[in-house]
Amino acid sequence: MAVYSAAAAVLQGLERGAGGVKELVYHSRFPLYALVAGTLRYSPVLEKLLAGAALLQAEKKLSLHLAKVLVYDLLFGKGLKCGGRWKALARRHRARLEAELARLKVRQKVIRNEDLLAPAQAGGPGASQVPRYVRINTLKTCVDDVIDFFKREGYSYLGKAASVEELRALSGKKFLLDLHLPELLVFPPQTDFHDNLLYTSGHIILQDKASCLPAFLLSPAAGSHVIDACAAPGNKTSHLAAILKNKGQIFAFDMDAKRLATMNTMLMRAGVTGFQLAQQDFLMVDPGDPKYSKVAYILLDPSCSGSGMVNRVPTAEAAPSAERLQALAGFQRKVLSHALSFPALQRLVYSTCSLHREENEDVVGAVLQERGSAFRLVHAFPCWPCRGLAAFPGAESCLRASAADTLTHGFFVAVLERRGDGAAASSSLPAAADNTSRHSEGTEPGAAPKKRKRKKQRVKE
């Protein structure tokens, strides 16, 4: 029951303008994002069902937000997972709610629940086009074995994508290898693998393509010491470990004990070793501590407005105020400047899931004005189609992503390197990306990738 109350509190916070979905869910101490996003997505439908079934009139003590969350999970989610009076309430009203849902479908002349949604409620502009991205966890398996697994499950493999348009055209039980990232499979939108064996065993990670960019572009060398400054829920941390091949040390920080516990479980399931989780504000970490004297790479993905999360969250969430954006940007500048003060740091990736210039180019530009003598902005991933806004000279070296242009969540990434001979790489492209470019040479567009030696454990159906 506590989960549903917490989700209702997030909805109430959104209504008050207390923050964005990502921030409010973060502070709720529960993994609520899917539940909250789904409730928001179906909110107009839920209001019609509640009115038609007269649920709030029958249950005087039930708030509107809690009613929406309960009815969403009952009819559209994974089913109510509570006991006591709320389970009894659901039992009393389920038949009436299901009948009202059936009547609503008849009135709107639709068959599927999804068809009750208007385009704007289906997840925001361009969101219905965003595919399901599946990152292969190379700590436990390899690309060829995962492709074979899905083929045995009835999916048709179409080879490596040659363009974003090929990703956009995916439908049915077809999938592709992504054209930019070497261990990323792409399936049609709304494909659900949460109950799939590969996901529950940690062999695949369900992670948006844009969210894979920070670790991919940081590209730490095996054996390196790395900091993941704002780590939970841990997808990027597990990606770093895969790039490191579990050779080296990852220091991961987050302030919430419950989220760290969940993250620890996730990392263990993914086969990650060589990591230390710390319940600590990264701003309070001492760069001069001998423990961090070998840290050469930092991934910094700080709290942000979450305005780029267009796939799962509909437009019901209000845009952040100018005051809130300035407050977030002030924190982001502070934490980025702090990260650059680690003495052995060679490369840093700064990323947000925000579309706002104030949290992105303006933050990077301001910090470079302070520390530009020591660090430079790298023109990362030249083949990426969307670049930074022209907020300062060289801002086009940054990367942007969006549902419309790259078929991903909205995202921003900047790569900074220490100036001088000690820089981690002289190339404008990290080693992992260089390897991808070389791998792509001589390969026909849409062709299957070359077979690689299968060294990892295989998964049987």
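In this predicted model, helix 12 passes helix 13 in a right-handed crossing. Helix 12 covers residues 235-244 and helix 13 covers residues 257-269. Their axes cross at roughly 35° and come within 10 Å. Helix 12 contributes Asn-235, Thr-237 and Ser-238 to the contact. Helix 13 contributes Met-263, Met-266 and Leu-267. By class, the contact has three nonpolar residues, three polar residues and no charged ones.

Asn-235 also touches Gln-207. Gln-207 sits in the loop between strand 5 and helix 11 (209-218). Is Gln-207 buried or exposed? Gln-207 is buried, because its relative accessible area is 3%, and buried means under 20%. Its side chain reaches the backbone oxygen of Ser-211 at 3.2 Å. Beyond its neighbours within four places in sequence, Gln-207 is in contact with Tyr-133, Arg-135, Leu-184, Cys-212, Asn-235 and Lys-236.

Next comes helix 8, residues 143-152. Helix 8 is mostly covered, with eight of its ten residues buried. Those buried are Val-143, Asp-144, Asp-145, Val-146, Ile-147, Asp-148, Phe-149 and Phe-150. What covers them? The cover includes the elements tabulated here.

| Covering element | Residues |
|---|---|
| Strand 1 | 132-136 |
| Strand 2 | 156-160 |
| Strand 3 | 174-177 |
| Strand 4 | 184-187 |
| Helix 10 | 197-200 |
| Strand 5 | 204-206 |

Gly-154 follows helix 8. The phi of Gly-154 is positive, near 100°.

Methods. Residues numbered from 1 in each chain as written. Predicted model: local features only at pLDDT ≥ 70, side-chain atom pairs only at ≥ 80, totals over all residues. Heavy atoms only, no water. Buried < 20%, exposed > 50% of the residue type's maximum accessible area, 1.4 Å probe, protein only. Helix = DSSP H or I, 4+ residues; strand = E, 2+ residues; numbered from the N terminus. Contact = heavy atoms within 4.5 Å. Polar contact = N/O pair within 3.5 Å; in protein donor to acceptor, adjacent residues only side chain to side chain. Axes fitted to C-alpha atoms, helices over the stretch in contact; angles between N-to-C directions. Left-handed = near helix turned anticlockwise from the far one by under 90°. Nonpolar A, V, L, I, M, F, W, Y, C, P; charged D, E, K, R; others polar.
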